[in-house]
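Me: I have a structure open here and would like to talk it through. Could you take my questions as they come?

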Amino acid sequence: MSDQVTHFIGGVPVAEGATFATYDPVTGQPVRRVHEADRAVVDRAVAAARAALPRWAALPVEERAAWMRRLADAIEERFEELVAAEIADTGKSITQTRTLDIPRGAANFRSFAEIAAQRPESAFHLRDVLSYTVRRPLGVVAVIVPWNLPFLLATWKIGPSLVAGNTIVVKPSEHTPGSVAVLAEIAASVGLPPGVLNVVHGFGGGSTGQFLVEHPGVDAVTFTGESRTGSTIMKSVADRVKPVSFELGGKNAGLVFADADLDAAVEGSVRSVFTNGGQVCLCTERLYVERPVFEEFTARLAERAGRLKFGRPADEDTTMMPMISAEHRDKVLSYYELAKDEGAEIRAGGGVPRFGDDRDGGYYVEPTVLTGLSRDSRVNREEIFGPVCHIMPFDTETEAVELANDSEYGLAATVWTSSLNRAHRVARSLEAGLVWVNTWYLRDLRTPFGGVKLSGIGREGGTHSLDFYSEPTTITIKL
Ligand code: NAD
């Protein structure tokens, strides 16, 4: 792994702009220097994408799909290098990175290749009129992604935008440039036409991200990140009414009914609260548990939280990872303090683990289980994005649904019950883009993914992605 991360423009690495450091979340030590793209570098990346657009857009979709499969194959060939890059930036465990983050990257290219190649065109006959629709790419798309699942989330947008015929400029998070930088090398190594995929590094507001979304040569923006950032981006593209696809924050509810398989509900909630250090937009931060099982569920989840293992990323049994940065750790800890101020009972965690080694310089926090707060407390309303949940009892199904829906966010929800009727009834009443029943984060990449309310605009996944990344033109012929 090189100790410098460069941009990738027009098929070649570009080492321009001042550099900034990334830090190893495990130890807090600087890892690599990253070039920051200023307006001139962003300009070149957009120009490269624009120059590559006509030929790429004109390729038959089967050919673009073949390129996506080549990228997926090459990701698998350089699998361990991508795993190492992802771990260096995030401190994720090797087990998660090998089974989730990097394989999903390859799957993102492969599944969108299949979906795009098999998509039927639509045509309608009405007496002596034939109407049919062709889809054309949006043009040059800016892809802006966060740090929590860097490779998975970037490829989730790169695959469908490319197969739909767009050329793109990707800006990874300033915290996690590594794995997308390897993807750029992979694109060059398989001979992807220069300019089709460009990568620029840097920060958000007042830096590369803002320069990119505002650029007049960018036709659309696809963004995953905080709701507040989505709102800022929306304002900055409003004058040019650029299409946006936004996958934003969440304050996701989990409902545990007394008729649930409690073992499954506890283990499922351990995953849904603590996976990736709680740094997944889909993680559960609010749990509502039917009163007869509230005490048992809470005690068991708290006990499991205390047994999560803060190993090193390379230890295969590590189950807790650090926060991404010192700043984010401080934000999560400020919510632990706020919870105490708001009168929470701390059933597990609540502090910072001590190791007596170099990990004490890292960004770890304890997995934390809280009870006793009101539904209006800030801890129950604001996205914390850490390994923490609050658990509250409920008495009726109606109350449970009402509590779950009492949020400005609406990304995901989880329902634990053994009643088929209740599962359907509750799932369709929840104001969320995704509802899991007796499971969490089980994904079929053909299904629509996205949130309501502050959690986003639009849906990606399967044909929904292809719809966003292209525009229909309806052609009507009088026969
Ligand atoms: P963030 O909004 O701070 O940053 C995301 C990206 O946007 C980064 O690349 C950043 O540099 C860039 N950015 C920031 N300000 C910008 C601006 N003004 N113009 C252009 N680009 C700008 O988010 P984060 O802290 O990296 O990620 C965590 C957030 O992402 C959480 O809120 C989480 O819920 C959300 N998220 C949502 C989903 C989803 O699918 N809905 C998935 C993962 C993460």
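Reply: Gladly; before anything else, the domain bounds used here come from an automatic or database domain assignment, and the model itself is a predicted one.

Me: OK, which domains is the protein divided into?

Reply: There are domain 1 (4-248 + 455-474) and domain 2 (253-437), and their centres, taken over C-alpha atoms, are separated by 30 Å. The contact between them takes 19 residues from domain 1 and 24 residues from domain 2.

Me: Which elements give two or more residues to the domain 1 side?

Reply: Those are α3 (79-90) and α4 (94-118), with α4 contributing the largest share, 3 residues. By class, that side of domain 1 has 7 nonpolar, 11 polar and 1 charged residues.

Me: Switching to the ligand, how many residues surround it, and which are closest?

Reply: The ligand is surrounded by 31 residues, the closest being Pro146, Gly204, Gly209, Gly225 and Cys281. Domain 1 and domain 2 each provide at least three residues of this shell, while α7 (208-214) and α8 (227-238) each supply at least two.

Me: And the shell by class?

Reply: It has 12 nonpolar, 14 polar and 5 charged residues.

Me: Last topic: at roughly what angle do α9 and α10 cross?

Reply: The axes of α9 (residues 262-274) and α10 (residues 291-306) come within 10 Å and cross at roughly 50°, which makes α9 oblique to α10. The crossing is right-handed, and the residues making the contact include Leu262, Val266 and Phe274 of α9 together with Phe297, Arg300 and Leu301 of α10. The residues of that contact divide into 9 nonpolar, 1 polar and 3 charged.

Note on methods
Residues numbered from 1 in each chain as written. Predicted model: local features only at pLDDT ≥ 70, side-chain atom pairs only at ≥ 80, totals over all residues. Axes fitted to C-alpha atoms, helices over the stretch in contact; angles between N-to-C directions. Helix = DSSP H or I, 4+ residues; strand = E, 2+ residues; numbered from the N terminus. Parallel < 35°, antiparallel > 145°, perpendicular 65-115°, else oblique. Left-handed = near helix turned anticlockwise from the far one by under 90°. Contact = placed C-beta atoms within 7 Å. Nonpolar A, V, L, I, M, F, W, Y, C, P; charged D, E, K, R; others polar. Near = placed C-beta within 6 Å.
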